[in-house]
Amino acid sequence: MSNIYNLVWFLSISIAVFALMFYALQKVDYSKIFKANSTFQIKIVIVFLSLAISFACALGVLQIMQLIEAIM
């Protein structure tokens with residue numbers, strides 16, 4: 001039962017952080033990094049950065065939750 005509980009927390013945190021990071025990264029000006037008319041490349045970078053950050057945050061929260069569970 002604990003594995004399902006952890007999976008649900010992991011997925012919900014990942015989705016929430018992904019949405020927030022995707023929205024936040026869209027506000028950054030990428031014109032100094034990429035060439036003009038490279039919107040597809042910028043979108044790909046935003047998606048992958050959002051996925052990486054959301055995975056790292058969810059994994060960190062899940063590990064903290066498991067440490068607290070082990071203490072109790």
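**Core and ring pairs in a predicted model**

Phe18 is partly exposed, at 26% relative accessibility. That label covers values between buried, under 20% relative accessible area, and exposed, over 50%, with a 1.4 Å probe and protein chains only. Phe22 falls in that class too, at 28%.

A word on the source. This is a predicted model, where local features need pLDDT of at least 70, side-chain atom pairs count only at pLDDT 80 or more, and totals for chains, interfaces and linings use all residues. Residues are numbered from 1 along each chain as its sequence is written, and side-chain values use heavy atoms, without hydrogens and water.

Now the rings. The whole structure holds 4 aromatic pairs. Rings of Phe, Tyr and Trp (its six-membered ring) pair if their centres lie within 6.5 Å; planes under 30 degrees apart are stacked, over 60 edge-to-face, the rest tilted. Tyr5 and Trp9 are edge-to-face, 6.3 Å centre to centre, with 75° between the planes. Both sit in helix α1, 4 residues apart, about one turn. Helices here are DSSP runs (H or I, at least four residues), numbered from the N terminus. Tyr5 is partly exposed at 45%. Trp9 is partly exposed at 36%. Phe18 and Phe22 have centres 5.9 Å apart and planes at 25°, so they are stacked.

Next, the core. Which residues form the largest nonpolar core? Phe10, Ile13, Val17, Ala58 and Leu62. Such a core is a set of buried Ala, Val, Leu, Ile, Met, Phe, Trp, Tyr and Cys residues joined through side-chain atoms within 4.5 Å. Helices α1 (2-26) and α2 (39-71) each give two or more residues. The largest share, 3 residues, comes from α1.
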